[in-house]
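Here is a walk through a protein model, taken one stop at a time.

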Amino acid sequence: MESWNTPLPALLPVQPDRLKVHDTATQSTRHPGNLAEASLYVCGITPYDATHLGHANTYVTFDLLNRYWRSCGLPVTYVQNVTDVDDPLLERAAATGVDWRELAAGQTELFRSDMEALNVLAPDHYVGATETVDWVVESVEALVANGTAYPVPGTDGEPDGDVYFSIDAAEGATDWTLGSIGRLSAAEMGEVFPERGGDPDRPGKRNPLDPLLWRVARPGEPTWDGGTLGAGRPGWHIECSAIARRLLPAPFTVQGGGSDLRFPHHEFSAAHATAGDGKPLARAFVHAGMVGLDGEKMSKSLGNLVLVSNLLRQGAEAAAIRTALLSNHYRSDWEWTPALLERSARRLARWRQALATEEAGDGVAVLGAVHRALSADLDAPAALEELDRWAERAAARPAVEAVPEPGPDAPAVRTVVGGLLGIAL
């Protein structure tokens, strides 16, 4: 699947890798390990509706991580999937009378244009679920063979052969335990599982929380050759597990996504990978907070969406939207308001005005200050405050005839801000 076009950031003087991020699995803020290279998987969209600010918040967050690693001179391999076949997509297509493939293609293209506008670096591998069915089949067949997956007989009109992951078998065979990734209690997992695509009441399952790996063919649904599994289509969690195992090291550095993916998605993606080869999925699991509107989490199911594309059509500058997103710490839950966008536009204007009195050495100073702020759990609000302080100092200077010429060891402030924060000044 084609990605989008975002220029790589300009080379900056290499900074030390002192990053500490909050790992949901260990509930600690720590360095993800001494790295010669970094690897990142961020769960992508299910393309049945346009990119809202909750999506944008997540992808800008992990773009910040990508940029941080690059500023440390680390090679980065970034993978993002597109769940271009799943129940919500098929249901929306049926409700609107649009072919599910057309709906997925159109919304994926809109997502690409939104990411390009927000200056999010494109992933190295942008992979659709429909492109990787063979990988999923291979993974599920291996889980069936080692006893951590099982077919469910058909009842109540459902066909024979849906394949589920056995939580109990996996806990007995691996170091993974239920709740070790998402860090939810049993009661919390039982509550959110059906809300997030689970089917705890399916007859024949060994454990109500066992997740679906392979859904056998139903009339009117898209299907693929499943080998020994029979014709059907992938479950959700195994998709990301199979893609990550094919394209990234085991374990890779950071699994990223919104906090609503902690369970069941990341919980079970990690379980599937570990049950397959005995290795952890990732070194750290990092989660962005939820963006709200009028007291509710912004979500497609609720319909309370502020769309990036609509804001851009209404005249909002993409750099101001990105600045607004970065003005909230990535792990916090926060509310979107028009006032936040207005404040961010004014802030952006002050930084741009300060460029007129930039002095030699400003870029290096800003680079050091912003990088230190980001090293502390990607503290973007603190990084923006460093820019505010620089702009205040610069504004107090007399006008200069010419901004100093930047060099490889003395980048301009504009280059630093664009490279490390992704904000175009």
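Helices (H or I, at least four residues) and strands (E, at least two) are DSSP runs, numbered from the N terminus. This is a predicted model, where local features need pLDDT of at least 70 and side-chain atom pairs count only at pLDDT 80 or more, while totals for chains, interfaces and linings use all residues. Residues are numbered from 1 along each chain as its sequence is written, and side-chain values use heavy atoms, with hydrogens and water left out.

Let's start at alanine 170, which has its place in helix α5 (residues 167-173). Is alanine 170 buried or exposed? Buried means under 20% relative accessible area, exposed means over 50%, and partly exposed is in between (1.4 Å probe, protein chains only). With a relative accessible area of 0%, alanine 170 is buried. Contact means heavy atoms within 4.5 Å; leaving aside neighbours within four places in sequence, alanine 170 is in contact with Thr148, Phe165 and Trp176.

Two of those names come back among the aromatic rings. Ring pairs link Phe165, Trp176, Phe193, Phe263 and Phe268 into a cluster. Rings of Phe, Tyr and Trp (its six-membered ring) pair if their centres lie within 6.5 Å; planes under 30 degrees apart count as stacked, over 60 as edge-to-face and the rest as tilted. By this rule the count comes to twelve aromatic pairs. Take tryptophan 100 and tryptophan 224: their ring centres are 6.4 Å apart and their planes are at 75°, so the pair is edge-to-face. Tryptophan 100 lies in helix α3 (residues 100-117) and tryptophan 224 in the loop between β8 (212-216) and β9 (232-234), so the pair ties together parts that are 124 residues apart in sequence. Tryptophan 100 counts as buried at 15% relative accessibility, and tryptophan 224 counts as partly exposed at 22%.

Next come phenylalanine 193 and phenylalanine 263, with centres 6.3 Å apart and planes at 50°, so this pair is tilted. Phenylalanine 193 sits in the loop between α6 (186-192) and β8, and phenylalanine 263 in helix α8 (residues 262-277), so parts 70 residues apart in sequence are tied together. Both phenylalanine 193 and phenylalanine 263 are buried.

Phenylalanine 263 has something else to show. A cis peptide bond joins phenylalanine 263 and proline 264, with omega about 5°, and proline 264 lies in helix α8 too. The bond from alanine 250 to proline 251 is also cis, with omega near 0°; proline 251 is in the loop between α7 (236-247) and β10 (252-258).

On the phi side, aspartate 377 has a positive value, near 55°. Aspartate 377 is found in the loop between α12 and α13 and is buried, with a relative accessible area of 5%.

At 1.5 Å a residue, its 16 residues should span 22 Å, and its end C-alpha atoms are 22 Å apart, which agrees; the expected span is 1.5 Å times one less than the number of residues. Buried residues of α13 include Leu384, Leu387 and Trp390. Among the elements covering the buried residues of α13 are α1 (53-71) and α10 (318-326).

Last stop: strand β4 (residues 76-82). Six of its seven residues are buried, so β4 is largely enclosed by the rest of the structure.
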